Amino acid sequence: MDAIIRADDATKISHTGIMHLGLGFQASKTLLSAVELDLFTELAVSPLDAEDLRRRLGLHERGARDFFDALVALGMLERQDGVYSNTPATDLYLDRNKPSFIGEMLQWANARLYPAWGTLTEALVMGGPRNGYTDEKDLFDTLYSDPDTMAGFARAMTGFSIPVARALADRFPWAACRTFIDIGAAEGGATVEIARAHPHLTGRGFDLPAMRPVFETYVERHSLADRLGFHAGDFLAEPLPSADVLVMGQILHDWNIEVKRELLAKAYGALPRGGSLIVYDQMIDDDRRSNAAGLLMSLNMLVRTRGGFDYTIGECVNWMGDAGFREVHFSHLDGCISMIAAVK
């Protein structure tokens with residue numbers, strides 16, 4: 001009987017786990033809709049009961065209470081005596097009026113990634129995205145063709161990169177460096193964090209020309225225009241600029257293997273002897289078993305880009321070695337993000 005009970009329990013756990021994963025999109029979309037509605041920003045002003053919160057957000061009576069209580073059950077809200085308030089984490093990270101706001105990335109996920117993932121099955125069958133990209137037009141052509149879309153993308157990248165950049169600023173030996181360039185800097189989230197942590201550094205953000213006003217506005221907002229500048233260019237068509245350190249954060253995974261190798265070779269050519277290249281991404285563990293986030297990000301590249309994919313730590317180390325780098329060091333940064341630093 002004990003054996004039967006244990007078998008039944010195992011079956012229940014397995015069934016529950018499968019169903020939890022299969023229906024995980026429900027919890028995800030609940031949070032994404034809450035961010036879209038600015039629910040957490042509203043509650044940061046003052047806690048509210050269900051009726052007042054419903055009215056503030058402009059919601060229909062049907063579903064509102066379930067929506068709020070689902071967020072409580074998911075750990076995203078607190079409720080005391082019928083009054084809803086943010087948790088410490090959602091108050092810090094999801095209140096739009098705080099500098100620690102990371103909701104831009106979630107808004108981007110809601111508007112762009114959530115619909116794209118609905119095409120995953122087609123992408124797996126066809127080997128690429130089903131969202132209109134062609135050999136002549138890719139994801140970044142679309143992103144950079146409209147100023148509002150480009151700015152939204154840049155803000156999303158900042159929300160994603162700031163915790164990683166703070167870890168990078170702490171774990172790389174910046175004291176021996178004077179200059180750095182952030183390749184594919186977007187609005188400069190990582191660029192600013194590195195410069196703030198190390199006042200002796202001067203740096204530049206390298207990105208397509210259209211990104212200049214977005215980058216310069218962000219840098220000026222953080223009072224770092226005296227040490228940070230913008231370098232306009234296209235790393236697919238031009239050599240990379242030179243500095244003591246080049247940073248490629250969330251860049252390599254956007255491209256196919258040929259472009260990955262080409263970018264590493266360009267970095268090697270641009271660096272002075274003794275200079276360093278830092279690459280960070282959601283690198284997959286070499287056994288391809290434990291870093292689910294890295295593997296899911298690679299699938300994200302499948303549904304969003306023509307040839308991008310994420311890669312293992314060992315693959316990146318080998319590519320860097322083939323490009324000529326030595327003294328290759330791996331380090332975990334934040335969450336599922338890791339970096340590899342290599343010396344020319």
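Q: Why is Glu-327 called partly exposed?
A: Glu-327 has 44% relative accessibility. Buried means under 20% relative accessible area, exposed over 50%, and partly exposed in between (1.4 Å probe, protein chains only). So Glu-327 counts as partly exposed.

Q: Before we go on, what kind of model is this?
A: This is a predicted model, where local features need pLDDT of at least 70, side-chain atom pairs count only at pLDDT 80 or more, and totals for chains, interfaces and linings use all residues. Residues are numbered from 1 along each chain as its sequence is written, and side-chain values use heavy atoms, with hydrogens and water left out.

Q: What makes Glu-327 and Arg-326 a salt bridge?
A: Their closest N and O atoms are 2.3 Å apart. The term asks for a side-chain nitrogen of Lys or Arg within 4 Å of a carboxyl oxygen of Asp or Glu, so the pair qualifies. Elsewhere, salt bridges that share partners join Asp-38, Arg-96 and Glu-104 into one network.

Q: And which label does Arg-326 get, and why?
A: Arg-326 has a relative accessible area of 35%, so it is partly exposed too.

Q: How do you know that Glu-51 and Arg-55 pair up, and where do they sit?
A: Their side chains meet in a salt bridge at 2.9 Å, N to O. Both lie in helix α4 (residues 50-57), four residues apart, about one turn of the helix. An α-helix has 3.6 residues a turn, so residues three or four places apart point the same way.

Q: Why is Arg-55 called exposed?
A: Arg-55 has 58% relative accessibility, so it counts as exposed. Glu-51, at 31%, counts as partly exposed.

Q: What makes Thr-305 buried, and what does its side chain reach?
A: Thr-305 has a relative accessible area of 5%, so it is buried. Thr-305 is in the loop between α14 (292-304) and α15. Its side chain reaches the backbone oxygen of Met-301 at 2.7 Å, and a polar atom of that side chain lies 2.9 Å from the backbone nitrogen of Gly-308.

Q: How do you know that the buried residues of α15 line one face?
A: In helix α15 (residues 313-323), Ile-313, Cys-316, Trp-319, Met-320 and Ala-323 are buried. Seen down the axis, these buried residues fall within an arc of 130°, so they line one face of the helix. That arc is taken from the directions from the helix axis to the C-beta atoms.

Key: Helix = DSSP H or I, 4+ residues; strand = E, 2+ residues; numbered from the N terminus. Polar contact = N/O pair within 3.5 Å; in protein donor to acceptor, adjacent residues only side chain to side chain.
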